[in-house]
Amino acid sequence: MPLIVPELSLVLLVGASGSGKSTFAARHFRPTQVLSSDHYRGVVSDDETDQSASADAFEALEFLARKRLERGLCTVVDATNTDPQYRKRWVSLAKAFHVLPVAIVLDVEPSIAIERNASRADRDFGGHVVRRQSRDLRRSLGHLRTEGFRYVHVLRGEDAVQDAEISFQRSWSDRRDDTGPFDIIGDIHGCFLELCELLDELGYAIGHEGERFVVTPPAGRRALFLGDLVDRGPASHRVLRLVMDMVEDGAALCIPGNHEAKLLRWLNGKNVKPSHGLQETIDQLSGEDQAFRDRVATFVDGLVSHLVLDGGRLVVAHAGMRRDLQGRASGRVREFALYGETTGETDEFGLPVRYPWARDYDGQAVVVYGHTPVPTAEWVNRTICIDTGCVFGGELTALRWPERDLVSVPAHQVWCEPKRPLHDTPTVPEPGPLDGVPHAGDVLGGRSVETRFGKVIPIRPENAGAALEALARFAVDPRWLVHLPPTMSPVETSQRPDLLEHPDEAFAYLRANGVRTAVCQEKHMGSRALVIVGRDEAAVAARFGFEPAEIPTGGIVLTRRGRRFFADEAVEAALLGRLRTALESSGTWERLATDWVLLDAELMPWSAKARSLLETQYAPVGTAARGSLSAAMDALRAASARQEGLSELLARTGERLDAVQAYTSAWRRYCWEVDGLAGVRLAPFHVLASEGAVHDGQGHAWHLEVLDRVADADPELLVRTERRWVDLHDETSVAAATGWWTELTERGGEGMVVKPTDFTTWRGRRLVQPALKVRGREYLRIIYGPEYTLPENLERLRSRGVGRKRSLAEREFLLGLESLHRFVERRPLRAVHAPVFALLALESEPVDPRL
Amino acid sequence: MFLTLTTTRAPATDLGWLLHKHPDHVRSVSLTFGRAHVFWPEAGEDRATVAMLVEVDPIGLVRGRHAADDGPLAAYVNDRPYVTSSFLSVALGQVFRSAVKGDCQRPELLGEPWPLRVELHVVRAKGGEGLIGRLFEPLGYEVDAVRLPRDEVVELGESALYRVTLSATTTVSLLLRHLLVLLPVLDDEKHYWVGQDEVDKLLDRGEGWLASHPEQQLVTERYLKHRRSLARAALERLAEGTEAEEEADEAADAPSTPERALEKPLKLNDVRMARVVELLRQPGVARVVDLGCGEGKLLRRLAGLSQLTEVVGVDASSRALEVAERRLERTPGREKVRLLTGSVTYRDDRLDGFDAAAAVEVIEHLEPHGVRAFTQAVLGGARPRLLVVTTPNAEYNVRFPDLPAGAFRHADHRFEWTRAQFAAWATDAAERWGYDVSFEDVGEVDPEVGAPTQLAVFRCR
C-alpha cells in the first residue's frame, strides 16, 4: 500500500536519530523539498552536531518552510520531531498556510539506530539519546491524529521503511488541467423553470430517459454550478435531480453552497433549524423516495468546496476565494468557500456584514462566485458575483468561460421575499478606509509587475528606491496616477554624411518587422502632458475616488514624471475648462459614452515648463559660446592679416560660430511668452482611456480623427497633430513622407514620430516599437551640443546603440497600458499603482539620456 | 575659450621673449582635452597682443563618463568649451610653462613690471561681479566686468557670465600665476580630481601673494574643490604654524541648511529630540519606528536606550539612509537598528505592530495628499500603540528675525501649520482611527505666538 501524501502538504518525518530519515527523504523527495535540521544546524554553526545551535537552526528551517508554503510548495521537515512541542509548531504553521500536515513515522529498533550512529564519525552521542527519542516517539504515536495531522503513516521496522512507496495525491480542488469551456451558473435556489430556460439559452438540449434527465451540452462545453441549488424556491428537488444527472453524465461540474451544507446536515439526521428556505426543500423532498434522498446526501458530501480550473486562470467557489486560500485545503478554506468572510456584525436587515474580500483581491486568477445577491453582475478586480437573485425575482445568470459573456434569464416571479430589497445591494463595494494608499510591499525590494501581455517586468530594488523618493516627494496624489507616458526610442543612426537621424531607418525598421502601413506624426516641441478632464467635477471625482471639493479644477494636467504641470491652479483650471468645452461642443462625451477622458498630449511652449533649463543651461551656453567665439574670430582675422598659417583655424572657428548661432536659433524657436493661458497650446495625440475603455484597440486613425474634432472646436488653444500616412511598400508614399519630414525640420520643427498604424503591433513575442522619433538636424543641437554637426564630432556620435532604449521603451509602453487597463477594470489603487511605479523606476535605468 | 594679453611697454614685441612665443609664428599645442592655439593679432613696437584660443573637444568631454554623473560635464550642451575655467588654467600652465616659472633667455626682462591688460572673454563667476573685484583688486588690478544677459533675444534675465578686463602694471610671470589660481576659483567647477599634490601646486603658484590675500579662505577652498581636509592643510601651511581649529565631525559632514541656521540660537533641534525620546521611553515600549528618519539623529539617541529591543528607521531618501548608516557605525546599540527604504505615504506592513513610532519634522515635507496618506498608512495601517508627531508652529515664524514674512523655515516645507490647524488635523485623525491625542509645546513658549515647535502624542484607545 503506497503512502498517500497530498501534493500540497507539510510532511514531518518522525524518528529517532539514526532511524534513516534523511535516506528516506532523499529517496522519495526532491532535495529542494527537504529541510533538514542537521543541515541547517551546520549552516548556522558550521557544526551539524552542535546541539546548542538547534534553536537557531529551527528558526532558519521555519523561515524557509514559510517561504515555501506561501508559494504552495510541498515541504518535508527532516528532523527527529519526536518532541510534541516542536510538532505542535509545525502543525500550526501548516494550518496558517492552509496546507495539510502529514506525519511519516520511522519506527525502527533503537539498536539499529544506535548501530548506525556509531558508524558515523559525526554522531558521537550515546545510545541513551536514541533510546530516549524512541521512547518519546512510541508515546506520541497514539496522539498524532489529535495533534492535527491529517495523514499519519507509521512505518514499523526497517523492512517497512525500506519497502515504503509514496503516492502523491493531487488536491481535490486542483483541476487546472480542465480547460473547459464552461457555462458557470449562479445561485438557483430551486428555480427549476428558470434553470431550464437558461440552459436552453446557453444551447443545452434537455431530454429525458424515464425519471432521468439527459442533457446534451453544446459541443465541448459543460455547465458549472456555483452551489445554492436548493431552498426558498419552488422545485429544489427537481433542480437537484437535473444537476446530479448532469454531473453523473459528465455534462456538468458542481461545487457546494452553504444551503447544500445545511441540507446535508438535515439529511444526516442532525438537528437543524429549517429556516432560510430549508423547509421548502424538506417539503419538496418528502415527495421523493429514500433512495433519492440518499443519493442527494452522497452527492453533496462528495462535492469539493472550490475548484481551480483552466491552468489556474479560473477559480470558482460559492462565496468566493481569497488569493492566499486558492487551491489550499483546510477547514478555514472550506468555510470561506461556503460562507465567505463575515465581520461578525449584522446590518439593519439582520443580515451578516460581509468583509468585502473582492475589493482587496489582487490575485491573478479570475474568481467567479455567487452567494450574495446583487442587482447586476459586475467585475471587481477580476472577480464577479453572478448571483443575481433569481429566487427573489431577479435573474438567473450564467458566465460563459473563457468568453466572459454574461447570459441571464429573468425570474418568472418573486419566489421569496428578500429581507433586503435586491436593488439595495451595492454591486461595487464601498471604498474601504485604506483605499487610496499604495502599498510599499507591492513595489519595493525587487518586485515584478505581471502584465496582461504575457510579460513579467521586474523592478530592480535600487530603481524602486529612486521611484519611491520621486513619487513620495514630488508626484501628485496617487489616485491621479493611472498612467505615465513611456519613453520613446529614436531611429537607428543614419549613415548620411550630415545627419544623425533620418526617416529611412524608421521605415526600414517597420518593414523588417512586418508592418505594412505607418503614420508619421509631427513631433511638437513642447513638454509631454497627460490631461485628465471630466465632464464636470463630480464625474471625475467619482471615477478617480476624490471628494469633489478636493479637486476644484475638475481634472489635472500631469508631467511625464507624474508631477503637476502647472504651479498656478488658475491656469490649470482655465485650460481644463476650455478643453471641457471643446469636448462638449465636438460631441466627444457622447461619442465615447463617457464623462471623463485621459489624453496624451504635448504642451507648448517648451519654455513654459523648461524655463529653469533655459536659464541655467541652454541660454547661457549659447551666450558664452557666441561671446568667446566671436571675440576669437575678431582676433583671428586681425592676426591673419600679419601671420601665416591661420587659415584653417580661422575657417574652423567660423564654422563653430555658425553652429553656435544655429544652436541658439534652434532653441529660441521653442520659446515664447505666455500670460496665464494666453500663449499656451495643447496638441493631443492619444485618447488613452475613457469610461470602461482603454483605447489601445483603436488605431491611430481613430485617435487622430477623434482629436481633430476636439482641436477644431478650440483652435486657439488646441493644435491638430499633423500627420502623413505611409504605405511602407510604396516608394512614392515613402518619398512623400520623407519630403514632409525634410520640410518640417528645415522649418525648424523638432521632427516626427513614426508609428505603426495600429496602437500595438506584435511580432511573435516581441512588441514592435509603438513609436520611433526622427529628429531634425537643427533640433538635435539642443541634444548633442551646438557643434555636433562638425564632421569630426558627427562621426563619433554615430556610435550609439538604441537596443537598451528600445527594450526600455517596450517595457514602459506595456506597463503604461497595464496600469490603464487595471484602472478601467476598477482594480484597487494599489494594483493600478504598481505598474506606474515600475514605469517610473525604469526611468532611472542607465540609458543614454540623449536617445 | 579665449583670452588675450596686451602690453604697451615699448618695445612691445619683447612680450614674445617672456612668453617664449615668437610674435610672427602661430603655435598649436595638443592637450588631453583638445588643442590650444597661440597667435598674435598685433605685434607692433608700442603695442602687442597675444591671443590664446583653446578648443575643447565637446564629444570627448562627455563620452566615457559615468551615466549617473550629472555634473556640468555630463551634457553635450554645456558651457565648458566656452567659459574660462580650470581647462583654460591647465592650458595656460602648459603652453606658458616657462613663462610661469620665470625662465627667460633675456633675464633682464624678468623682474620688470609692465603695463599689462588681460581680456577674458566670457568668465563664469560664481559669486558675481563682486567676487571678481574681491579676487583681483587686492592684487593691484583694475577690474572692468560687463555682465551678459542670459540671452539677447528671449527675456531670461541676467546670467552669471562676464566679459572681464584686468589691467595692472606687474610682471608677466606673476600675472600668469594669478590667472592660474583665480580663473578656476571664479568658475568653481574643476574638471579633474584634486589630491594632495594640488595643495603643493596652490602654494607654489600662490607664493608671495596668497598668504596676504583677504579672500585666502575662499580661494583655498574652491581651488581644492571644497575638500575640507586639503583646504585645512593648505591654510595651515599658509598661516605658517598657527593651528587651525579642529572642526566638529558633524559640521564637516554637512553644510548647514537654512532651517538649522535659523533655529540654531534656540538649539531647538536638541530640545525637540530630547522631548521625543522622553515620550518614547515609556514602560512597555520595546520596539520603535522612526518614520522619516532622515540622517538618523533620533535613531542614534534611541539605539542607546537599553529598554528598546528594536529600532527601525524608514526614509524615502536613499542618500539620507546612507548617511544614517555611516553615522550609526560607532553608535552603541547599532545592532538593534534596522534601516528601511520606504515612505510614510505608503501602506507598509513592515511597520505594523510597533509599540511606538515618531515622525519628527516630517509631515510638513508632505503635500496635502501626502498628509492624508500618512494619516491612513500610519494610524490606520501600521497602528503603533503610541505615535509622536512634531511640526513647526507657523505662528512662531514672526519671531525668527531672518525669516521673511510668509516664508517657510525650510525650502522643502510644503506648508507650516498654525496651532489651530495642527490641532484640527490631529484631532480628526485620532477620532477617525481610534486614538486619543494630546498636545505639547516644544521650545521656549512665547506668550503670544506659542512655542517654535508643536507636538502631538497619539495613544491607541
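Domain bounds here come from an automatic or database domain assignment, and the model to which they are applied is a predicted one.

**Domains of chain A and chain B**

For chain A the assignment gives six entries, some of them made of two separate stretches of sequence, as set out in the table.

| Domain of chain A | Residues |
|---|---|
| domain 1 | 3-169 |
| domain 2 | 179-424 |
| domain 3 | 442-485 + 810-842 |
| domain 4 | 492-524 + 721-799 |
| domain 5 | 526-604 + 680-719 |
| domain 6 | 608-668 |

The centres of domain 3 of chain A and domain 5 of chain A, taken over C-alpha atoms, are separated by 21 Å, and the contact between them joins 17 residues of domain 3 of chain A to 21 residues of domain 5 of chain A. On the domain 3 side of that contact, helix 16 (461-474) and helix 28 (803-824) of chain A each supply at least two residues, and helix 28 of chain A gives the largest share, four residues. By class, this side of domain 3 of chain A has 14 nonpolar, two polar and one charged residues.

Chain B, for its part, is divided into domain 1 (2-192) and domain 2 (258-460), and the centres of these two domains of chain B, again taken over C-alpha atoms, are separated by 52 Å.

Chain A contains 29 helices and 36 strands, and its C-alpha atoms fill a box of roughly 115 × 80 × 50 Å along the principal axes. Of its 851 residues, 48% count as buried. Among contacts in chain A between residues at least 6 apart in sequence, 72% join residues at least 24 apart.

In soluble globular proteins, nonpolar side chains tend to be buried together. In this model the largest nonpolar core has 261 residues, and those with the most contacts inside it are Ala838(A) and Ala357(B); the largest share of this core, 12 residues, is contributed by helix 22 (residues 611-640) of chain A. When neighbours within four places in sequence are left aside, Ala838(A) is in contact with Val449(A), Ile457(A), Ile459(A) and Leu815(A). A second, separate core of 116 residues includes Ile184(A), Cys254(A), Leu303(A) and Val391(A).

Thr789(A) lies in the loop between helix 26 (781-784) and helix 27 (791-797) of chain A. Thr789(A) counts as buried because 22 other C-beta atoms lie within 10 Å, where the cut-off for a buried residue is 20 or more. Not counting residues up to four places away in sequence, Thr789(A) touches Asp498(A), Ala659(A), Arg777(A) and Leu794(A). The C-alpha atoms of Thr789(A) and Arg656(A) are separated by 9.3 Å, although these residues are 133 residues apart along the chain.

**The contact between the chains**

The contact takes 52 residues from chain B and 50 residues from chain A. On the side of chain B that touches chain A, the elements giving two or more residues are strand 1 (2-7), strand 3 (34-43), strand 4 (48-56), helix 2 (58-62), strand 5 (114-124), strand 7 (158-170) and helix 15 of chain B. The residues of that side of chain B divide into 27 nonpolar, 16 polar and nine charged.

Helix 16 (residues 419-433) of chain B has 15 residues and reaches 21 Å from its first C-alpha to its last, close to the 21 Å expected at 1.5 Å a residue. Its buried residues are Phe422(B), Ala426(B), Ala429(B) and Ala430(B), and because they cover an arc of only 100° around the axis, they are on the same side of helix 16 of chain B. On the other side of helix 16 of chain B, Ala420(B), Ala424(B), Asp428(B) and Glu431(B) are exposed. The cover over the buried residues of helix 16 of chain B includes helix 15 (368-382), strand 12 (386-392), strand 13 (435-442) and strand 14 (453-460) of chain B. Just after helix 16 of chain B, Gly434(B) takes a positive phi of about 75°.

In helix 5 (residues 128-136) of chain B, the residues Ile132(B), Leu135(B) and Phe136(B) are buried; they cover an arc of only 80° around the axis, which puts them on the same side of helix 5 of chain B. The buried residues of helix 5 of chain B pack against strand 6 (142-149), strand 7 and helix 6 (172-187) of chain B.

Methods. Residues numbered from 1 in each chain as written. Chains lettered and ligands numbered in written order. Predicted model: local features only at pLDDT ≥ 70, side-chain atom pairs only at ≥ 80, totals over all residues. Buried ≥ 20, exposed ≤ 12 C-beta atoms within 10 Å, placed from the backbone. Contact = placed C-beta atoms within 7 Å. Expected span 1.5 Å × (residues − 1). Arc of directions from axis to C-beta. Nonpolar A, V, L, I, M, F, W, Y, C, P; charged D, E, K, R; others polar. Core = buried A, V, L, I, M, F, W, Y, C linked by C-beta atoms within 7 Å.
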